[in-house]
Structure formats: C-alpha cells, structure tokens
Amino acid sequence: MSPEVTVHVNRASAESLGAAVGHLETQGSFTIQLRSHGAPAHVHCRLHGDIERIAALDTSNYYVESEGETIVPVRVDADVIDAPVEGTLEVLTGYGSESLSIPVTVSPAPGPVEIDDSLADPAPSGPEPTVLERAVDGTGLEPATLAVVALGVVAVGTAAMAAAAIGGTVAMVGLAVVAIGFCVALALLVV
C-alpha cells in the first residue's frame with residue numbers, strides 16, 4: 001500500500017486547505033487524497049525542488065465534489081536514486097489565494113537481500129569451554145577427568161611428603177618430576 005497524504009479542502013472556511021501530515025517520507029509512489037468538507041472546489045497540485053526529476057502528477061488541476069474526495073496519484077521513479085531526494089508538494093485552491101506546502105523526502109529502497117543455503121545452517125557456537133571453565137561454571141566434568149585430577153593431586157601430595165621426610169636433592173628432583181607430570185596431564189586435559 002502506497003503512502004497517502006490527506007488534504008482537507010474547505011474544512012475551516014471556504015477555500016481553506018489543511019494537511020493531515022506536516023512532512024511525507026516515502027520510498028516510492030504515493031497518493032494525495034483531496035477531501036472536501038463543503039462546497040466543490042478546483043485544486044491545483046504541483047511539485048517543487050529536486051523531487052520534480054523523479055516524480056510526476058498525471059495532471060495538475062483536479063475537481064473535488066462537494067463532500068467528496070479525489071485521489072491524486074503521484075508516480076515516483078525511486079529506482080534512479082541512490083540518496084534521499086527532497087522537494088515540496090504544493091496544493092493551491094481559490095485561484096491561488098490559498099496554498100499549502102508539504103515537504104516530501106523520497107529515500108532509495110533498500111537493496112535486495114541475498115538468500116543462500118547458509119541461512120539453513122545453525123549459527124556457529126563459540127569455542128567449547130575448557131575443563132577449567134566447565135569446573136568453575138559447574139556445567140560438569142567427565143568422571144575420567146575428575147579421576148585424573150584426583151590421582152594427580154594424591155601423587156603430588158605423596159611426592160611432597162616423601163621429599164620432606166627423606167630430604168636431599170634426589171627427593172626434590174623426584175617431587176619436581178611428579179609435579180611436572182601432573183601439570184602436563186592437566187595441560188593435555190585443558191587443550
């Protein structure tokens with residue numbers, strides 16, 4: 001449905017004009033509805049400004065019957081524009097003694113939307129959370145992962161107690177080997 005501008009003729013007084021809108025924005029053709037609220041009238045419509053190069057009226061003079069309405073089509077060739085075009089719709093009656101100007105902006109229609117098969121594919125999810133993130137979130141760890149972590153903690157604890165009880169360089173190297181092995185195991189689980 002094309003936009004419509006309603007212009008009231010003879011509403012307030014004889015040969016008066018009033019518009020239902022103060023400004024019209026469209027992306028294509030529109031219509032002017034000349035609505036009489038009294039005696040019949042001759043109404044003149046014209047376009048001014050840049051809009052004249054893309055829009056046209058069939059004729060400029062229209063007759064509105066008493067308490068009737070007349071539809072005036074305004075054809076707009078919006079395919080030739082790539083930026084908004086502005087102008088004015090001027091409506092006159094009473095041999096030009098009463099006039100009304102309505103600013104009009106014609107914007108280019110949005111470009112075509114390309115649709116391909118990728119729209120049917122589900123949206124890619126973010127990277128899978130690591131074991132540590134899952135443990136913190138509480139979303140669950142696999143039982144095997146928990147078993148490896150528990151055994152690693154027991155192994156490092158046992159190596160630390162043994163190194164403290166025995167003392168010496170060899171015991172500290174053994175503790176270091178167990179701790180490094182545990183860290184490597186954790187790193188493999190996280191990656």
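This is a predicted model: local features need pLDDT of at least 70, side-chain atom pairs count only at pLDDT 80 or more; totals for chains, interfaces and linings use all residues.
Figure 1. Ser 16 is placed in the loop between strand E1 and strand E2 (17-19). A polar atom of the Ser 16 side chain lies 2.8 Å from the backbone oxygen of Ser 13. Leaving out residues up to four places away in sequence, Ser 16 touches His 8, Val 9, Asn 10, Arg 11 and Glu 98.

**Figure 2. The largest nonpolar core.** This core contains 30 residues, and Val 7, Phe 30, Ile 32 and Leu 34 touch the most other members. At least two core residues come from each of several strands, among them E1 (4-9), E4 (30-36), E5 (41-49), E8 (69-76) and E9 (85-93). In soluble globular proteins, nonpolar side chains tend to be buried together. Apart from neighbours within four places in sequence, Ile 32 is in contact with Val 5, Val 7, Cys 45, Leu 57, Thr 70, Ile 71, Val 72, Val 74 and Leu 89.

**Figure 3. Salt bridge between Arg 35 and Glu 69.** The count of salt bridges comes to 3. In the pair shown here, the closest N and O atoms of Arg 35 and Glu 69 are 3.4 Å apart. Arg 35 lies in strand E4 and Glu 69 in strand E8, so the pair ties together parts that are 34 residues apart in sequence. Arg 35 is partly exposed, with a relative accessible area of 29%, and Glu 69 is also partly exposed, at 46%.

**Figure 4. Salt bridge between Arg 46 and Glu 90.** The two side chains meet at 2.9 Å, N to O. This pair links distant parts of the chain, with Arg 46 in strand E5 and Glu 90 in strand E9, 44 residues apart. Arg 46 is partly exposed at 32% relative accessible area, whereas Glu 90 counts as buried at 13%.

**Figure 5. Salt bridge between Asp 58 and Arg 75.** The side chains of Asp 58 and Arg 75 meet at 2.4 Å, N to O. Asp 58 is in the loop between E6 and E7 and Arg 75 is in strand E8, 17 residues apart. Asp 58 counts as exposed, at 54% relative accessibility, while Arg 75 counts as partly exposed, at 45%.

**Figure 6. Two views of helix H3.** Val 178 is located in helix H3 and is partly exposed, with a relative accessible area of 30%. Not counting residues up to four places away in sequence, Val 178 touches Ala 155, Val 156 and Ala 159. The C-alpha atoms of Val 178 and Ala 159 are separated by 6.9 Å. Leu 188 is also found in helix H3 (residues 169-190) and is exposed, at 64% relative accessible area. Together with Ile 180 and Val 184, Leu 188 makes a nonpolar surface patch of about 310 Å².

Definitions and conventions. Residues are numbered from 1 along each chain as its sequence is written. Side-chain values use heavy atoms; hydrogens and water are left out. A nonpolar core is a set of buried Ala, Val, Leu, Ile, Met, Phe, Trp, Tyr and Cys residues joined through side-chain atoms within 4.5 Å. Buried means under 20% relative accessible area, exposed over 50%, partly exposed in between (1.4 Å probe, protein chains only). Helices (H or I, at least four residues) and strands (E, at least two) are DSSP runs, numbered from the N terminus. Contact means heavy atoms within 4.5 Å. A polar contact is a pair of N or O atoms within 3.5 Å; within protein, one must be able to donate a hydrogen and the other to accept it, and residues adjacent in sequence count only if both atoms are side-chain atoms. Patches are made of residues with over 30% relative accessible area and no salt bridge: like charges are joined within 9 Å, nonpolar side chains (Val, Leu, Ile, Met, Phe, Trp, Tyr) within 5 Å. Accessible areas come from the Shrake-Rupley method with a 1.4 Å probe; for residues, only the protein chains shown count as cover. A salt bridge is a side-chain nitrogen of Lys or Arg within 4 Å of a carboxyl oxygen of Asp or Glu.
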